Amino acid sequence: MDVTQAQRDVRRVYRGGFSGPLVSAFIWGAAAAAYQWWSPGATMAILFFGGMLIFPLSSLVLKAMGGPAFLPKGHPSIALAMQSAFTVPLGLLVAIALGLLEPSLFLPASLIVVGAHYLTFISLYGMRAYGVLAGVLVAVGAAALFAVPSLRPMSGWIGAAALLAATVPLFLSARSESFESRREASPAPQAQRFDSAPAKPSHRPD
């Protein structure tokens with residue numbers, strides 16, 4: 001199996017991966033709400049443990065839609081998908097360490113971690129849209145950390161909004177590709193032929 005075919009399989013099975021950012025958006029929304037109205041510790045717990053639930057919850061979304069929710073056993077892209085998934089909780093350990101020193105740094109640092117993890121999705125799915133999503137998340141996180149400290153309290157809400165907005169083009173792209181694949185796979189309708197009546201034999205004098 002070549003890379004292009006593997007990417008096509010990933011897009012087909014995971015519907016462009018839209019369910020991951022969709023679930024992530026709700027988790028980020030919960031974390032942002034916890035930071036604003038509860039405590040930084042609750043924010044860290046929600047984002048860390050909620051992040052571990054993103055894949056199973058996004059798989060449930062795909063199952064509810066019908067069709068496959070997992071790549072077939074032995075597919076070459078499974079390893080890359082698993083490796084990409086593990087980068088988030090490991091990276092969040094660094095963000096938590098920063099948050100324990102200064103709570104306002106946790107959400108911006110987490111945005112950078114999550115955004116960087118989406119860079120691998122460019123190769124996993126063969127979709128440049130993930131580069132845009134990664135760039136937005138990293139840019140917001142970096143701006144809040146280094147340039148605009150006033151963004152820090154709102155960075156969680158901004159991240160949730162960016163993730164939610166990304167689900168729309170990802171889903172529409174996957175649906176369009178699915179329709180196109182089915183159209184190409186279906187046999188082309190045969191044009192009805194209207195043959196003219198056979199010409200009568202001419203009676204030439206011998």
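Helices in this report are DSSP runs of at least four residues, numbered from the N terminus. The structure described here is a predicted model.

**Histidine 75**

Between helices α4 (54–65) and α5 there is a loop, and histidine 75 lies in it. Buried means under 20% relative accessible area. Histidine 75 has a relative accessible area of 7%, so it is buried. Its side chain reaches the backbone nitrogen of serine 77 at 3.1 Å.

Leucine 93 counts as partly exposed because its relative accessibility is 48%. Together with Ile78, Met82, Phe86 and Leu90, Leu93 makes a nonpolar surface patch of about 490 Å². An α-helix has 3.6 residues a turn, so residues three or four places apart point the same way.

**Helix α2**

Helix α2 consists of 19 residues. From its first C-alpha to its last, α2 reaches 27 Å, which is close to the 27 Å expected at 1.5 Å a residue.

**Aromatic pairs**

The count of aromatic pairs in the model comes to ten. Two of these pairs are set out below.

| Pair | Arrangement | Centre to centre | Angle between planes |
|---|---|---|---|
| Tyrosine 14 and tyrosine 125 | tilted | 6.5 Å | 55 degrees |
| Tryptophan 37 and tryptophan 157 | edge-to-face | 6.2 Å | 65 degrees |

Tyrosine 14 lies in the loop between α1 (3–13) and α2 (19–37), whereas tyrosine 125 belongs to helix α6 (residues 106–125), so this pair ties together parts that are 111 residues apart in sequence. Both tyrosine 14 and tyrosine 125 are buried. These two residues also take part in one aromatic cluster, which is formed by Tyr14, Tyr118, Phe121, Tyr125 and Tyr130.

Tryptophan 37 lies in helix α2 and tryptophan 157 in helix α8 (residues 155–185), so the parts tied together are 120 residues apart in sequence. Tryptophan 37 counts as exposed because its relative accessibility is 63%. Tryptophan 157 has a relative accessibility of 29% and therefore counts as partly exposed.

Definitions and conventions:
Residues are numbered from 1 along each chain as its sequence is written. This is a predicted model: local features need pLDDT of at least 70, side-chain atom pairs count only at pLDDT 80 or more; totals for chains, interfaces and linings use all residues. Side-chain values use heavy atoms; hydrogens and water are left out. Patches are made of residues with over 30% relative accessible area and no salt bridge: like charges are joined within 9 Å, nonpolar side chains (Val, Leu, Ile, Met, Phe, Trp, Tyr) within 5 Å. Accessible areas come from the Shrake-Rupley method with a 1.4 Å probe; for residues, only the protein chains shown count as cover. A salt bridge is a side-chain nitrogen of Lys or Arg within 4 Å of a carboxyl oxygen of Asp or Glu. Buried means under 20% relative accessible area, exposed over 50%, partly exposed in between (1.4 Å probe, protein chains only). Rings of Phe, Tyr and Trp (its six-membered ring) pair if their centres lie within 6.5 Å; planes under 30 degrees apart count as stacked, over 60 as edge-to-face and the rest as tilted. Helices (H or I, at least four residues) and strands (E, at least two) are DSSP runs, numbered from the N terminus. A polar contact is a pair of N or O atoms within 3.5 Å; within protein, one must be able to donate a hydrogen and the other to accept it, and residues adjacent in sequence count only if both atoms are side-chain atoms. The expected span of a helix is 1.5 Å times one less than its number of residues.
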